[in-house]
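Okay, thanks for coming, everyone. Let me put the model up on the screen, and then I'll walk you through a few spots.

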Amino acid sequence: MDSLGFLKTRMELGEFNKIARLQNENFNIFLSAYISLCNPAKVLVYTGEKEEAERIKKISLESKEEISMGIKDHTLHFDGINDLARARDQTKFLIPSGVKFDPNLDYIDRDKGLKEVKDLMRNVMAGRTMYVLFFCLGPVNSFFSIPAVQLTDSTYVAHSEMLLYRDGYNEFLNLKEKNRFFRAVHGTGEVTSANVSKNLMDRRIYVDLIDNTTLSVNTQYGGNTLGLKKLAMRLAINLGSKEGWLCEHMFVMGVQGPGGRKTYLTGAYPSACGKTSTSMIPNEKIVGDDICYLRVSSRKVYAVNVEKGMFGIIDGVNAQDDPVLWKVLNNSHEIIFSNILMKEDKSAFWTGSGFPEPGKGINFSGEWQKGKKDEKGNPVLPSHKNARFTLSLDILPNVDENLNNPEGVEIKGFVYGGRDSDTSLPVEEAFSWEHGIITKGASLESETTAATLGKEGKREFNPMSNLDFLSIPIGKYIDNNLKFTRQVDEPPRIFSVNYFIKDKAGKFLNDKVDKAVWIKWMELRCSGGARAIKTPTGYIPDYDTLKRLFQQVLNKNYSPDDYKKQFTIRVIENINKIDRILEVYKYKVPDVPEILFEVLEEQKERLEMFKEKHGEYVSPFELESVDE
Ligand code: SPV
Ligand code: MN
């Protein structure tokens, strides 16, 4: 029997017709293979129709994958207690034997890995429903668009993706290259009595670059299961490398400048380091908070948000620090909360919300009461540090008008941010594209967070905040970035930010809201409208400009002492950082572009000379501002 014939035997006629209409043999073969392997009792197709969406959401509540909360349209989903973050150790690329791959990235032999994961997926949907969902990565009808299909037996995954991605059935109907689409397959696996994936030892998240397919099983956490998010991102980095564009772990935002000007910036920060909260700075415009595609067109750089929704960290979101988000989260829009605590009155509680901590409620550990301990005797927090909210950007008051523009938005600046307690300054601009890509992007280090399983607070090398998702060798990826603007007249300026710098006593030197000022300074620099101070590592703001911006943006009096503490150049720490980074690129990463070593060595020399002249800790007041 051919694949279409097989599908007809496994689907109700109405559902089957939605697939047959595509007239795509590649698609039929793919779907047949996974229906045959996963063996669902039923197959439902989502093409973007409202009734289809309503049906899935209803089933999600009935099956208790989601719970209805106090506010209309708000639901709550729980992941298993050991399944609350991305599982790095069980995430791997499938690489054919004999193909050279970067030893720093996790991979296994393709044949072996496919057999392993397919064995785990065999009959994984027996007695369950498979949802077939059509989406589009990037705006529809655009040279950025990549159609993508998700197969899953989880209504939580289906519902989340309906909020996060643009509908793409039409893209599939109009496919020119019949095989150019991404495929994601997810099976929840056996569940416990609490309805969470049980066999975490057998959790697998495998990425097959040959077939543009991702396979995920025995897990529920979004970062492991939302095939269109970080799994498709890995496919896109590989495809972009072949086709000459970039896929980055970046927000895209429009910053308002003087005279009604709007300047678009992209920013890459590791997970849980302020990326979402930056893209949601009051009075600015958000295009996206997590992943973008970047392409060069007419000698300029353009970006689109791959998504149209947010799967953001909720821990610490409160009325003062994130006022726009706060309002939305406490409103009657469609939002999926995950791994927060639900109080008895069905309202939400999360740590850092400013709400009084309740004595009891329901959370990812079941019934929760103050003082609850886990099996190891450790306290169970009311909400998890990686608890999240999922929403569609169109409910935000600050969504940018160009979110769905097929052309994308023209990018004037790139920002790289990390969680760094002792080295980099709150904001700094690189001397040039190459200097920025090398000393800011490729040299990024950040302390680990709750977004991945494992120890928190450990300093890690994380080039462009993208290490977890790189599907091509690191050296090649850096080279792609260096060459990206070769055909661009004025490459975007490159900045670094660090919201986490501390003093010797371990106290944060900045308020969370200060980033609203840094972003304005970057906007001015992109338009040549601010003086700067030249340091061995880049340009930093001068005191007068910052004092004016603090007053204007935050109505805050910025003292010379704050400026001095925050922007004191830590020469030794910077030299040590270069030594750490050189060590990685010299001994661990193959095929590094030679220029990386030259630029880092030059920076080290500048720092050594600076130390001779000024000492180890240098106040910015000792340096002259320049008009460059
Ligand atoms: C991140 O961890 O960077 C996220 C959420 O944006 S996840 O989907 O887990 O990747
Ligand atoms: Mn992310």
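Let's begin at S3. Setting aside residues up to four places away in sequence, S3 touches E25, N28, I29 and S32, where a contact means heavy atoms within 4.5 Å. S3 sits in helix α1, residues 3-10. Helices here are DSSP runs of H or I with at least four residues, strands are runs of E with at least two, and both are numbered from the N terminus. S3 is buried, with a relative accessible area of 13%. For the cut-offs, buried is under 20% relative accessible area, exposed is over 50%, and partly exposed is in between, using a 1.4 Å probe and protein chains only.

Quick housekeeping. This is a predicted model, so local features need pLDDT of at least 70 and side-chain atom pairs count only at pLDDT 80 or more, while totals for chains, interfaces and linings use all residues. Residues are numbered from 1 along each chain as its sequence is written, chains are lettered from A and ligands numbered from 1 in the order written, and side-chain values use heavy atoms, with hydrogens and water left out.

Now, the metal. Which protein atoms are the donors of the manganese ion, ligand 2? They are K230 (NZ), H249 (NE2) and D290 (OD), at 2.2 to 2.3 Å from the ion. A donor is an N, O or S atom within 2.8 Å of the metal (3.2 Å for Na, K and Ca), and since water is not among the atoms, sites may look incomplete. Along the sequence, the spacing of these donor residues reads K-x18-H-x40-D.

Of its 7 residues, 6 are buried, so β13 is largely enclosed by the rest of the structure. β13 pairs antiparallel with β14 (residues 262-268) over 7 bridges; for two strands to pair, DSSP has to find at least two bridges between them. Q256 has K262 as its bridge partner in β14. The two strands form a hairpin with 5 residues between them, and G259 in the turn has a positive phi of about 70 degrees. β13 also pairs antiparallel with β15, over 3 bridges, and there M253 is partnered with I286.

Next, an open sheet. It has 5 strands in the order β2-β3-β19-β24-β18, with mixed pairing. β2 (67-68) and β18 (309-313) are at the edges with a single partner strand each, so one side of each has no neighbour in the sheet. β3 (residues 74-77) and β19 (residues 335-338) run parallel, joined by 4 bridges.

Last, the domains. The chain is divided into domain 1 (3-64 + 84-243), domain 2 (248-308 + 403-626) and domain 3 (311-392), with bounds from an automatic or database domain assignment. The contact between domains 1 and 3 takes 13 residues from domain 1 and 12 residues from domain 3. Together they bury about 1,100 Å², 65% of it on carbon and sulfur atoms. That area is the accessible area (1.4 Å probe) that two parts lose on being put together, summed over both.
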